[in-house]
Amino acid sequence: MKMRNISMRLVNSILPVLLAFVIGGVVILAIGENPLETYGILLGKSLFTQKGLLNTLHYASPLILTGLAIAITFKANIFNMGVEGQMLLGGFFAGIVGAYLPAMNPVVAKLICLAVGVLCGMLFAMVPAILKAYFRVNEMVVTLMLNYAMIKVLEFLSTGVFRDYSSGYVSTPTIKDEAMFSRLGSSKLTIFFFVALAAFVVMYFVMNKSKLGYETTAIGKNLEFAEATGMKVHKKIITLMAISGALSGLAGAGYMMSEQFKYTLSFSGNPGLGWDGMLIALLGGHSPVGVLIAAVFYAALKTGSDHINLYSTVPKEIVAVIQGLIILFLAVKFVDEHTDIGDKIKMKFHKKSHAAGREE
Amino acid sequence: MSIIRMVDLTKKFGTFTANDAINLSVEKQEIKCIVGENGAGKSTLMNMLYGLLRPTSGKILIQDKEVTINSPVDAIAYGLGMVHQHFKLVPSLTVYENILLGTELKKSSKSPFIDKNREIDEVTKLIQKYKFELNPTDKIEDISVGGRQRVEILKMLYRNVDILILDEPTAVLTPQEVDELFVNLRELRTQGKTIIVITHKLREVMELSDSVTVIKQGKVVGNLLTKNTSEEELAQMMVGRDVVLTVRNTRERDAADEIAYQVENVSTINDYGKEVLHNISFSVKKGEILGVAGVEGNGQSELVKVLTGMMKATQGKVSIYNKEITNEWPDQLRRDGVGIIPEDRYAQGLCGTMSIAENCIAGYHDNPDVCKAGLLKPKKINALRDRFVKDFDIRVGDINGNVGQLSGGNAQKIIVAREFESGSKLLIACQPTRGVDIGSIEFIHNQILNFSNQGNAVLLISSELTEIMSLSSRIIVMYKGGIVGEVSPKEISSSAIGLLMAGIKN
Amino acid sequence: MDMLGNILYDTVYHSAPIILCVIGGIFAYKANVLNIALEGMMLTGAFVSTLTAFLTHNVLLGVLLAVLSAMVLGLVFSFMSVTCKGNVIIVGLAINLLASAIAGFVLVRMKTSNITLSFLNVANLQVNIPVIKDIPLLGRILSGHPLITYLSFLGIFLMWVLMYQTKFGVYVRVVGENEEAAKSIGLKTDFYKYVAILIGAMCCGFAGANLSTERLGLYTNDMTAGRGFIAIAAIYCGRGSPTLSSAYAILFGLARALSVNLSIYAGPAAGLFDIIPYIMMIGVLTVVSIVENKNNMTRGFKNE
């Protein structure tokens, strides 16, 4: 049964991707280009060259974290759409702290900045968490609103109080050298990738082997059951959102320290690392291993799209189109596996036929 | 001429036969009750009559003409209306909007606008004709359950049905609302309607009906006139053997036994602010089984919710062996030694889409045996599951599969195993054998007796009087949120308890 | 005084597209199919209207095609979530992403970052009502707006009628509140859900056209900037009532107007005005939740 489950999940994830690529291929043909050649550039340069692969892993680092952040809350049926905002806040303050640090041991400097990022993300996530746990407010709308509010606040801060006037565009001061993650070798890869990997390992244990993971699954499947067996759902909501916020903040901080080095208005790219995380969590079936693989694949798409820009006339937006199509097709299969519709139907039928039989 | 006749009506679901060659007739202007245990096939039969299911074979005749009923719309066209157990009403719409749903009156035939005044008029006339008590402009979400049922009935009457089928209508009503319903039904009969009531409550059958049909395991085992039979006879036909179960509590009570569980002056209110428990006080001694009897809807569910941590008591005190546990959350309750068999096993006791092993530790997943430093121990959990399956004779298809594959009885046994093996000192068992097959019922009853014989206390809440009578050492009876009396099962008859259950004290 | 007039005018200006999304979106809300794709539909409306006007110099055609294209998206959304039973939130997000990606793709092919309608002077699209336009303050509210803006306010009333006075509106609500009841009277629930979503899509198409073509005469990437999501929040806060939800939409418009007009005095802090509606909506949702759950004696969470 487990084998069947895993293979079902794989199919659920791969099929939408294939479909999306096919349709994307049609679009590329329509503008007179060769889809296979384009896809070759897209994936070839980003996955099959050493430098390309390492760069891909570099970009995958924050994505692994945001993907995990969403996966853990989705598992409990909590829709934390605020990963983007939590990540930005974490990245922003990690950047500010990193820019104003006194001279100190580089390891300590980095730890401080990462800790600041984690803390910020966690605290910001507490707002929707408390509202949901104690006031039953729908977290989806709240987190969406908070995202936009946070972007505005950070915009305000970076054009005002924390602005770096020596720079030609809106940004905060560049972080000090001690706070920057240095490149390992000639690619962009830094230690941050291993930080993300460590987080992955921890989350793997938490989600699959721990008591919290068990309770999270229960909450996602049957709330009343979770309450009746004493799982104190309101406390778990706070815990899960805290973890989610922490992971998002870590993503932002790490991204700041390994790639951006200062906060700008396009810090998170388009559509944003948080939203990318959502796609990755979906693609990865909300399991940590799935998220890891999906993050790498997604990062490959992203770095690949830059290569498309350089080596072909196909607009790199084709990648965004494909991403959109992937999510769209995922939505349908998603039902089968997340809500266990197959099982539910079986259970209902079992109930009905047994009901009509001996019991009700 | 009977108004409805079913001839050799059969319904199979795959290899399973739900209704087996049913022959039944209903006379015009009578109230007929169809009785049978849970799962005997009553609802299936009526669903065929109402077009929600298609018969596998057999005929249905209405006014001696053979008919095919493919959907509720057809049934209504033939003059058949059905009021289901779960109402199909729209909460934010008003009474008149719900009654006229699907048949709205418009300002003119071409206009898309609804003529609200005309609709209110029509419905007011309808209400007055049948002497129901309803206000047409009330919103459904604001009226009582009894009121909503009346709206459902009126929905059917508006469509000029001559035959009204009601599926377990009293399951959701308070005793007072049941009386009101019966008055309404008799009035309808006087006005020429025929009424069929599906129920398993024999007292109501005797009180209300003109004739009764007994169904057991998909077959008709009796077609009688109510005045020629009795509750005992009906019960015997329904179950097919002596009503009194074979498991009996014969343990003599020792007056010197210590008090294990004490409930003092517990009260609480419901979502509408109405007090649903007043000053409940009782105690359970070591080794004792205290039964809580009463018609469903008199506060038993709320009592269980309060005692199991799902609802807050607004006043009162609960303690176990002198340790106060009032308003504790379920995890703390379990740690303090309270075991819980909940009322609704798939909503509160088990998670259908989680594995059997995972369900075996639910509520006790904190236990150091299965959880260390926050990590679960899969080997120990599987060992526990295997022990449960063996010791409690649980029939399982796929041991690694989900709990949803199990039948009701086997699923209930998982809960029983889990709670009994947890070292609890008090068991709160709510409807422990509802929807469970006969073999498992006996097993579970034996388990409960063993549990109490080992010196633990049991609080048994059940709407099956026979279960309470045969297992309890003492019985308290609940009526309208309070306790109206305490009796010993050896010294009282079921009819005397019946009086208490109806609120009539001596 | 002048500034007050400007603020009033800008309030109407900025509220209109959101109001349109709101009054269209409430049908999907009442039918219990949450339409998160309002953002994407509005963006598509903006893009298609501007592109069409650019190519054909015909604004009316632009608006028409905008509505149609938004409705195509609406069909995709309906198909994926109602017929294929996909998760509505994910389908909605996918559509938003696709709308943005497709628009971006075309822009790159056109080798431009904006589509500017240089032939158009947006002032020509504005309706200046004689006499009224000269009334101080009130005149700024009532006069000088393009057609779709007027349509949006009129739409509040129209949608209210549609929702509460017609059979269709009743059926949509039945489908949303108790699908069992709907099926038992033989309603084709899928049909009502499709129509509810399409009404929303249509309104979003208008909204997008208003935002880009009518007001600015240009399109740039992601110019909707979350207005679709604001509309969703407004719908939630107003519980799907056309009047109340639109009131929240107007609140947003006011905040935007304040932010734009006060920037001269407050500098970048004026941007903070934009935050007010977000915070306010969170506050409203919280209060509503508290009131709703005031009498709830059940501890802990229940299944939906």
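**Exercise 1.** This is a predicted model. Find which residue stands opposite B:Cys430 in strand 20 of chain B.

*Solution.* Start at B:Cys430 and look across to strand 20 of chain B: the residue opposite is B:Ile461. Now widen the view: strand 19 of chain B and strand 20 (residues 457–461) of chain B run parallel, joined by five bridges. Finally, follow the chain between them: strand 19, helix 15 (residues 438–453) and strand 20 of chain B make a right-handed β-α-β unit.

**Exercise 2.** Work out which strand pairs with strand 19 of chain B in the parallel sense over four bridges.

*Solution.* That's strand 16 (residues 338–341) of chain B.

**Exercise 3.** Decide whether the residues of strand 19 of chain B are buried or exposed.

*Solution.* Take one face at a time. B:Leu426, B:Ile428 and B:Cys430 point one way, B:Leu427 and B:Ala429 the other, and all are buried. Five of the five residues in strand 19 (residues 426–430) of chain B are buried, so the strand is largely enclosed by the rest of the structure.

**Exercise 4.** Trace the open four-stranded sheet of chain B and find its edges.

*Solution.* The order is 12-11-14-15, with antiparallel pairing. Strand 12 (275–285) and strand 15 (323–324) of chain B each have a single partner strand, so they stand at the edges, with one side left without a neighbour in the sheet.

Conventions:
Residues numbered from 1 in each chain as written. Chains lettered and ligands numbered in written order. Predicted model: local features only at pLDDT ≥ 70, side-chain atom pairs only at ≥ 80, totals over all residues. Pairing = 2+ DSSP bridges. Helix = DSSP H or I, 4+ residues; strand = E, 2+ residues; numbered from the N terminus. Buried ≥ 20, exposed ≤ 12 C-beta atoms within 10 Å, placed from the backbone. Right-handed = clockwise from strand over helix to strand, strands pointing away.
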